[in-house]
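Colleague: Could you show me how to read ring contacts in a model like this one?

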Amino acid sequence: RAALLVLLLVLLFSASWITGTVIEYQWWKEMGQVETWLQMLSYGFLPIALGVLPAFAALWVAHARGMKHAGASLRGNPGYARLVTAALFLLAMIISASSIDSNTVVRWAGSRGLDAGAWQDPVFGHPLAFYFFQLPFYRVLLGYLLGVSFFTAVAYWLTARGWALRQRFSGWQQPGQVELDFRDLGIQDAFDAKFLRGAAVVFLAALAFRFFLGRYDLLFEDHGSLVGVDWVAEHFTLPLIALNIAATAVAALAILLGRLRWTLLLPAALLLSGVLPRLVTAVYVRPSEITIQKPYIVRHIEATRAAYGLTSRVHETEFNARLEAPIDRAKHQPLLDKIGRAHV
């Protein structure tokens, strides 16, 4: 009866989706393009489905290792094993669906082998195809790795702590025989577990990759007088991003070696990256902005002309026109009429 009730509820809440899918199928069938419709559905479904499997495997291994750390096992709890497996699979589906954009993945896959073109950006030397197809895909992959590593660490920690407390609860025979210490829920010894340290290292590696991809966001920043990398970004922001990447690598190494104090270099580097560029802009650049930013404004203008195709087909010609006498409206009325009509 419970299974039948659950089935009825699922059908009730999915009735709108089912009817919409049936109507859409009938329309594509009438158009004779059912195969095209199925391909479109596969393009939207396959990237997410491919992301569910690694996420589920990582979560399941994290949960199993957490139980082993607490002295328990899935084999000894078959009912719990079935329930938690379903829950972890649902969580993997949520992570994959929320972090993977199928259109971005399909565009990246379809762009393989395309001509990248001759134009390259003046800062990093990448073609337009990199910013249209590869960079968005790398961002999707980064978000997926960050999500999986974070929830894997959380799953391991909650499982280990929860089953450790359960083992303590199971030892109660008389009131007051076992004291509950809520410090067991703390994270002061969380990095003693090798699995959790490994998950933290993966998370920091993904974070370093995020800093690396963040360099390309500088090309789209609007500074008022120009769009792209300006003097502050080239001389301060880019070196500070490299510092953040190095600090992230040091933090990952410190976690592996158990020297957690060295991880404080990462928040210090992030604080410096947030304060120093703004301070330099306010104190040094703003008073002489036109002079300092001139080369970058010229590069901005050249990029704009290249985008509109105004580099090779436009030639500048100087006309030394001199007005020696006032304009005679009666004599030049036909010319003035043409100018007026062209303006309208």
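Modeller: Here is a short walk through the aromatic pairs and the charges near them. This is a predicted model, where local features need pLDDT of at least 70 and side-chain atom pairs count only at pLDDT 80 or more, while totals for chains, interfaces and linings use all residues. Residues are numbered from 1 along each chain as its sequence is written, and side-chain values use heavy atoms, leaving out hydrogens and water.

Colleague: What describes a pair of aromatic rings?

Modeller: The distance of the centres and the angle of the planes. Rings of Phe, Tyr and Trp (its six-membered ring) pair if their centres lie within 6.5 Å; planes under 30 degrees apart are stacked, over 60 edge-to-face, the rest tilted. The whole structure has 18 aromatic pairs. Take Phe-56 and Phe-89: with centres 5.5 Å apart and planes at 75°, the pair is edge-to-face. Phe-56 is in helix α3 and Phe-89 in helix α4 (residues 78–99), 33 residues apart.

Colleague: And Tyr-131 with Phe-220: what is the angle between the planes?

Modeller: 80°, at 6.4 Å centre to centre, so edge-to-face by the cut-off of over 60 degrees. Both rings belong to one aromatic cluster, including Trp-108 and Phe-137.

Colleague: Is Tyr-131 buried or exposed?

Modeller: Buried means under 20% relative accessible area, exposed over 50%, partly exposed in between (1.4 Å probe, protein chains only). Tyr-131 is buried at 12%, whereas Phe-220 is exposed at 56%.

Colleague: Which ring does Arg-215 lie over at 4.0 Å?

Modeller: A charge counts if NZ of Lys or CZ of Arg is within 6 Å of the ring centre and within 35 degrees of the ring normal. Arg-215 lies over Phe-212 at that distance, and its charged end also sits over Tyr-216, 5.1 Å from the ring centre.

Methods. Helices (H or I, at least four residues) and strands (E, at least two) are DSSP runs, numbered from the N terminus.
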